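Please look through the sequence and the model shown here before reading the explanation that follows.

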Amino acid sequence: MTISIPPTTPNNSKSLQPQGWLRYFSFSLDHKVIGLQYLVCGFVFYLIGGALASAIRIELTSPVSDFMPRDVYNQILTLHGTIMIFLWIVPVVNGAFGNYLIPFFVGARDMAFPRLNAVAFWLIPPAGLMLITSYFINGAAQSGWTAYPPLSITTPAAGQIIWIISVLLLGGSSIFGGINFIATILKLRRPGLKLMQLPMYCWAMLGTSFLVVLSTPVLAGTLILLSFDIVAHTGFFNPVLGGNVIVYQHLFWFYSHPAVYIMVLPAFGLVSEILPVHSRKPLFGYNTMVYSIMAIVFLGLIVWAHHMFTSGTPPWMRLFFTIATAFIAVPTGIKFFNWVATLWGGRISVNTAILFSCGFIVNFVLGGITGVALAQVPFDIHVHDTYFVVAHFHYIVYGGSVFVIFSSIYHWYPKFTGRMLNENIGRLHFIITFIGFNLCFAPQHWLGLNGMPRRVAEYDPQFAFVNQLSSAGALLMAVSTIPFLWNIIYSAFKGPIAGDNPWQALTPEWLTSSPPPVENWPGEAPLVTKPYGYGQKPQKEKNPSIGNAKET
Amino acid sequence: MRKWLFINNLGIYLGSLILPSLTAIYTILISLGLIIGGIWVGSNVNLLPVVASSNAPIYDELFKVLFIIGTLLFFGMLGLVVYSLIQFRRKPGQTGDGLAIEDNLPLEIFWTAVPAIVILFVGLYSYDIYERMGGMESLGANNQHHHQMASKQRIWGGIGSKDKSMQGANGTLIPVEVTAMQFAFLFHYPDGDIISGELHVPIGQPVTMKMESKDVIHAFWVPEFRLKQDVIPGQPTILNFTPTRVGKYPIICAELCGPYHGGMRSTVVVEELEDYQNWFAKNAKKPDLEV
């Protein structure tokens, strides 16, 4: 049975929105415009954060602090961390792809709350600009992206307060987004579409949004208390006034550990969309994939104290958090085996999208292995706050999330723009990124094990050579953005026309024109109950409603 | 060359799980090969600095086990992915989709159970390691006679010293009070009222350190001891260790503590008992003290 959702009348407010390229600079309510706004805005911040990372790696080519003043180094590493997390990965894997894809996936014409959605996006550019300009006003925050008190209380207040305000704005943006995703996925599903028929990215976004809604307010509250300590000289965390510095860490990590899953769960979802299409096979183990997302969400909320093994936690707490943390590897492992099983026996088109996805799998496996190691208290005690953690973390968020962002851009670019990207340049981009990434971060495991702490501008000269290797890798990563930028800009104008469905994919966003019309489908939305029905009987027999888009 | 053989063979191994037509002999051979390879890598590649405390060899045992399992898993997954990309790539002229395998319950149970068992094993093993390092001992229990204050204050985290025989060959336990500040460590020996910028300890004698910070959070880390503990303002922490190798090792502050964080370094000097006693006698305010 197909139930149709009639298009809304053309007389609504959306038709009054600017059209053409101008709409990308306007307060648009169209989820696709907002999605691309998130994506482009996030990418601009990625370039800024990457430039800061390059500055850090230049400083670290020599063991002495010679490239920049030491406090500027701390400001730059704080800005780098904050920008990459709050302005690039979280907005892009959630906001950009979530906004663009979720309404298609649930068969809706827009998000549940389009205005809230636009507000959520428009909080980001001012927050990001404010954060960056704080560097030029009175010096940016310099206590790291964790802003541990008492350091964050004792460093110059102006930069720290601006940092807090901009993180609060970005947190607000992500809560608005989270509420919107939950409402859209649960309430705006096309009639006839069951939860267990949704594409996997919907599940990932549902789980992520619950994490966002549950944990981000805790961060907000914590940062408000911290700002009271800085401005009003209260004593919540300030030990001089009787405050407890460990309480801040508990509260901070209650958000910031789940934040890792806020960055990687959507990435898991995106990979689950990309692999079946290009290997022409159904997503292996749909049900276990869904359950493992739920398990990761639950476990993700109860493991925060593993960031505090060295900071003074009782033994029982260390044990509990060791076990809880290590067990996240089980649902995560299931997902990885299922992805490999999706590839297995397929007809894989080895294109850039799947190369980045497979690069993600390999990188994330290494990051996951070091993660299980880090969960073990005795191991963690030695390497905590060292370059080993820097390496592990970048394998998770760069090797994980950023590789998936690139994979997703290569996969959905034809839908965004109606044009194809150049495959050869794409592969070149992948190769340089993959080599550069591994050259940059793999040696850092060794650095950490052998005695190089993180967040230092100067270090023992015995580590100079390995740091130079790492900086060479960072240089390659910086270079890798050039072919990518050229590709996306050139192809937007001159790329071959993609057609509606260049990958012959079965998920619903491909069953409309590229780029899609304002209300997503010219007629009624198609009911796709088998988003991964590859390799089955001709689709007309098994899934008659799939061709609806063409019938109108 | 051998690595590529592993990867190829591993592909066949997992292939045999999915496509039962491949032989069981391969499965066994390749599993064995991968395990032996993993153990070889874990045993022959040393990524750690020298061992200089009684905790370090225990830590290194755990590291070795984790390294073996990690190597196995990483090359296993890498092999599977690379093998899939090569073996199952779309050949020219090939049309149509892959096999429509959507799930396989026994297989999914298998790869849920195996990681769960491995994780459980690693968790229990690391618990044992932690116990042997003295992590589960109640802190401050063995240094109360030195610090009557300790029983009144709440002591936070740290590695205790489990082994009662660690109370030293001649029954001594060297107490040190560590004060961290931007950007230095100060070591106070209450017995001799010595204040030093360098930590001097005799080989083979257990040391108990009570650490407190004057300003921000610092961390006391000696990579060669495999020990780290944050030094926290307002909350003393305890760290016990026994040095086992003569030499000078860096003490590194591992927690971001301000602009000169990278320069906040000191040295721990592990010396023979005699040298330590000389140093102590030379610096002690009350020369009549026992060591």
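Of the area that chain A buries against chain B, Phe337(A), Trp344(A) and Arg347(A) supply 11%, more than any other three residues. The contact (heavy atoms within 4.5 Å) takes 88 residues from chain A and 84 residues from chain B.

This is a predicted model, in which local features need pLDDT of at least 70 and side-chain atom pairs count only at pLDDT 80 or more, while totals for chains, interfaces and linings use all residues. Residues are numbered from 1 along each chain as its sequence is written, chains are lettered from A and ligands numbered from 1 in the order in which they are written, and side-chain values use heavy atoms, with hydrogens and water left out.

In chain B, strand β4 (residues 199-202) is covered on both faces, with Leu199(B) and Val201(B) buried on one side and His200(B) and Pro202(B) buried on the other. Buried means under 20% relative accessible area (1.4 Å probe, protein chains only), and strands are DSSP runs of E, at least two residues long, numbered from the N terminus. In a regular strand the side chains alternate between the two faces of the sheet. β4(B) pairs in the parallel sense with strand β10 (residues 265-271) of chain B over four bridges, where pairing requires that DSSP finds at least two bridges; Pro202(B) has Glu271(B) as its bridge partner in β10(B).

Definitions and conventions
Buried means under 20% relative accessible area, exposed over 50%, partly exposed in between (1.4 Å probe, protein chains only). Buried area is the accessible area (1.4 Å probe) that two parts lose on being put together, summed over both.
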